[in-house]
Amino acid sequence: MANSTLVTELLLEVFAETWELRLLLSVLFLLVYLGSLFGNLTIIIVTTVDQTLKTPMYFFLRNLSILDMCYISITVPNACINTLTDHRSISLAGCAAQIFWFFFCACVEVQFLTIMAQDRYVAICKPLLYPRIMNHQFCVQMTLASLLTSFILSGMNTFKTFQLSFCHSNVVPQFFCDLPALLRLTCSDTFNNKIIFLLTAIGLSGTCFTFIAISYVRILSTVLKVPVKGERGKAFSTCVPHIIVAYLFLCSGAYAYLRPPAISEVVEDMTLSVFYTTVPPFLNPIIYSLRNKQIKKAVKKVIFRFFIVE
């Protein structure tokens, strides 16, 4: 970071210029944030307490919920506080930390969604091999591999970004430190940074998207061969939530990060950022709960056990 001394701190954008609109948007986003924490915490509790939810699918669902709580906590609370207090400054070290953890969580989420697609593929297409393939050791190894891969990719992109000199402006056109927004502020050559970022984004997201798509094409092919309608519905009910969640996260993130910078506007960027930073963590527990009878049943059992006094 020695080369970044031309700018000692950065200024983040706020949600709106007028105080009334700031207050309204901040309260709205705080409610979404609290709703996300409550929904994901509920899934974590029920998948931990209920012994019937000890399968690999719920192991990764619990991990995804923990990750979503961290993912949304990196950006939203700080952005709301900044908007309400008009305290927009953030140090370069603080910005680097925010970029690192945000990028880390995004990479882990993509890989978790891919592993969950693998889980559904094995469960539906190779049910007899499911206990052998998706054993506890494999689940732990895949989780650790996802964390390690994401740590390396995030660290590499963050390190390369903060080797640059920032001198054009210190106003980040985002409500949080986002890597593409930060690259616009540098007066250094960003070719290598953009290549590394594109290779990371396209390599990881593209590979994971392809794997998820192939998994669900094979699942669809297998399910359509099932003669019993009830069994088809049961198979689809476990897959549809995952497809929706994966589609929301990958498509919103891909559009935000891979579109040409020439068509990028601050308001549009912030709107997209709000979508991919708040909507997936908020909707994930709702989607999984509404479409999953086991989760709904487990929630009722937990409520009855802990909150209803006989």
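The second largest cavity in this predicted model holds about 30 Å³ of space. A cavity here is a set of points, on a 1 Å grid over the protein atoms alone, where a 1.4 Å probe fits but cannot get out. Grid points are joined across faces, edges and corners, and the volume is the space filled by probe spheres set on the points. The idea behind this is simple: rolling a probe the size of a water molecule over the atoms shows where empty space is left. The structure holds 2 cavities of 30 Å³ or more.

What lines the second largest cavity? The lining is made up of Ile 99, Phe 102, Phe 103, Cys 177, Asp 178, Leu 179 and Tyr 257, where a lining residue has an atom within 4 Å of a point. Helix α3 gives the largest share of this lining, with 3 residues. Sorted by type, the lining has 6 nonpolar residues, no polar ones and 1 charged one. For this sorting, Ala, Val, Leu, Ile, Met, Phe, Trp, Tyr, Cys and Pro count as nonpolar, Asp, Glu, Lys and Arg as charged, and the others, Gly among them, as polar.

A word on the ground rules. Residues are numbered from 1 along each chain as its sequence is written, and side-chain values use heavy atoms, with hydrogens and water left out. As this is a predicted model, local features need pLDDT of at least 70 and side-chain atom pairs count only at pLDDT 80 or more, while totals for chains, interfaces and linings use all residues.

Cys 177, one of the lining residues, also turns up in a disulfide, meaning a pair of cysteine sulfur atoms within 2.5 Å. The count comes to 1 disulfide: Cys 95 and Cys 177 are joined, with their sulfur atoms 2.1 Å apart. Cys 95 sits in helix α3 and Cys 177 in the loop between β3 (171-172) and α6 (179-183), so the link ties together parts that are 82 residues apart in sequence. Helices (H or I, at least four residues) and strands (E, at least two) are DSSP runs, numbered from the N terminus. The angle about the S-S bond is -120°, and the link is left-handed. Both Cys 95 and Cys 177 are buried, where buried means under 20% relative accessible area, exposed over 50%, and partly exposed in between (1.4 Å probe, protein chains only).

Cys 70 is in no disulfide, and the nearest cysteine sulfur, that of Cys 105, is 5.6 Å away. Cys 70 is partly exposed, with a relative accessible area of 39%. Cys 80 counts as buried, at 1% relative accessibility.

Next come the aromatic rings. Rings of Phe, Tyr and Trp (its six-membered ring) pair if their centres lie within 6.5 Å; planes under 30 degrees apart count as stacked, over 60 as edge-to-face and the rest as tilted. That rule gives 13 aromatic pairs. In one of them, Tyr 71 and Phe 249 have ring centres 5.9 Å apart and planes at 65°, so the pair is edge-to-face. This pair links distant parts of the chain, with Tyr 71 in helix α2 (residues 56-85) and Phe 249 in helix α8 (residues 229-258), 178 residues apart. Tyr 71 is buried at 1% relative accessibility, and Phe 249 is buried at 6%. Trp 101 and Phe 104 are also edge-to-face, because their ring centres lie 5.6 Å apart and their planes are at 85°. These two are 3 residues apart in helix α3 (residues 92-125), about one helical turn. Trp 101 is partly exposed at 43% relative accessibility, whereas Phe 104 is buried at 11%. There is also an aromatic cluster, formed by Tyr 71, Phe 102, Phe 175, Phe 176, Phe 249 and Tyr 276.

Finally, the backbone. Most residues other than glycine have a negative phi, and most peptide bonds are trans. Asp 86, though not a glycine, has a positive phi, near 60°. Asp 86 is placed in the loop between α2 and β2 (89-91) and is partly exposed, with a relative accessible area of 44%.

Key. On a 1 Å grid over the protein atoms alone, a cavity is a set of points where a 1.4 Å probe fits but cannot get out, and a pocket is an open set with protein on both sides within 12 Å along at least five of seven lines; lining residues have an atom within 4 Å of a point.
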